[in-house]
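Student: I have this model open, and I'd like to talk through it with you. Could we start with a pocket and then move on to other things?

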Amino acid sequence: MVDLTVWSNILPYDSIGRHGIGIISAVQNDRDVNLSLIGTANYRDIPARVMKDLVKPFTAYGKVGIWTYILGLNEGMIPTHQKVRKAHEKTIALSMFESDDIPKFWVNILNEYYDEVIVPDAWLVPVYQKAGVTKPIHVIPLGCFLEPFLTSPAKKEANSVFTFGLSAG
């Protein structure tokens, strides 16, 4: 029996597309997990240990479903959220929004189709509550895939300049 179904797109170089990969990676040794793919999949550079759960044949929905994709740009995603609600005993939405308010239709989606909400920072809890989300909201920080960085040297030669960049809005 499948324990957990992760509803996600798979894009290893996109923030939202990494969430599903990270959750599967974190629980795959302890739980039977599978993927319900939403939208795009790019399997480039995904570790083999995670890949096996991303591409295995889908046989059944898990007892728990976790949504990791964007809740929607408009109400067009509601049929998919309805499907999530019907397919699982318990539903969880991983959500975030880089603002002091969230779209009103997200509030309806979270309250109607999900049992619990996960946000990546405590700052978002009152934002979601103020917007009207009545479901329990838990804080779980976003994870990082450090494997590529831990296996390569920080510098190619001693005493050379170490440069890093940041892209932010």
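**Pocket, core and charged pairs**

Student: How do the residues of the lining of the second largest pocket divide into nonpolar, polar and charged?

Tutor: The lining of the second largest pocket divides into eight nonpolar residues, four polar and one charged. Ala, Val, Leu, Ile, Met, Phe, Trp, Tyr, Cys and Pro count as nonpolar, Asp, Glu, Lys and Arg as charged, and the others, Gly among them, as polar. A pocket here is an open set of points on a 1 Å grid over the protein atoms alone, where a 1.4 Å probe fits, with protein on both sides within 12 Å along at least five of seven lines, and lining residues have an atom within 4 Å of a point. Bear in mind that this is a predicted model, in which local features need pLDDT of at least 70 and side-chain atom pairs pLDDT 80 or more, while totals for chains, interfaces and linings use all residues. Residues are numbered from 1 along each chain, and side-chain values use heavy atoms, without hydrogens or water.

Student: OK, which residues lie nearest its centre?

Tutor: Of the 13 residues that line the second largest pocket, Ile16, Ile70, Ser95, Met96 and Trp106 lie nearest its centre.

Student: And which element gives the most to that lining?

Tutor: That is α1, which gives three residues to the lining of the second largest pocket. Helices (H or I, at least four residues) and strands (E, at least two) are DSSP runs, numbered from the N terminus.

Student: Let's step back, then. How many helices and strands does the protein chain have?

Tutor: The protein chain has six helices and six strands, and read along the sequence they follow the pattern β-α-β-α-β-α-β-α-β-α-β-α. The C-alpha trace spans about 55 × 40 × 25 Å along its principal axes. Of the 169 residues in the protein chain, 38% are buried, where buried means under 20% relative accessible area, exposed over 50% and partly exposed in between, with a 1.4 Å probe and protein chains only.

Student: New topic: which residues have the most contacts inside the largest nonpolar core?

Tutor: Trp67, Ile102, Leu110, Tyr114, Tyr128 and Val133 have the most contacts inside that core, which has 25 residues. α4 (104-113), β5 (116-119) and α5 (124-131) each supply at least two residues of this core, and the largest share, six residues, comes from α4. A nonpolar core is a set of buried Ala, Val, Leu, Ile, Met, Phe, Trp, Tyr and Cys residues joined through side-chain atoms within 4.5 Å.

Student: And what does Val133 touch?

Tutor: If its neighbours within four places in sequence are left aside, Val133 is in contact with Ile102, Val107, Leu110, Asn111, Val117 and Tyr128. There is also a second, separate core of 16 residues, and this one includes Ile10, Ile46, Leu54 and Ile118.

Student: Now the charges. How many salt bridges are there?

Tutor: A search of the whole structure finds seven salt bridges, each being a side-chain nitrogen of Lys or Arg within 4 Å of a carboxyl oxygen of Asp or Glu. In one of them Asp32 pairs with Lys56, with the closest N and O atoms 3.1 Å apart. This pair links distant parts of the chain, 24 residues apart, with Asp32 in the loop between α1 (15-27) and β2 (33-41) and Lys56 in the loop between α2 (48-55) and β3 (64-67).

Student: How accessible are Asp32 and Lys56?

Tutor: Asp32 counts as partly exposed because its relative accessible area is 30%, and Lys56, at 28%, is likewise partly exposed.

Student: Is Asp53 buried or exposed?

Tutor: Asp53 is buried, with a relative accessible area of 7%, and it forms a salt bridge with Lys52 in which the closest N and O atoms are 3.5 Å apart.

Student: Last one: where is Ser8 placed, and why does it count as buried?

Tutor: Ser8 is in strand β1 (residues 4-10), and it counts as buried because its relative accessibility is 0%. Apart from its neighbours within four places in sequence, Ser8 is in contact with Ile16, Gly20, Leu35, Ser36, Leu37, Ile38 and Thr68. Another serine, Ser25, lies in helix α1 and is also buried, with a relative accessible area of 15%. Not counting residues up to four places away in sequence, Ser25 touches Arg49 and Val50.

Methods:
Contact means heavy atoms within 4.5 Å.
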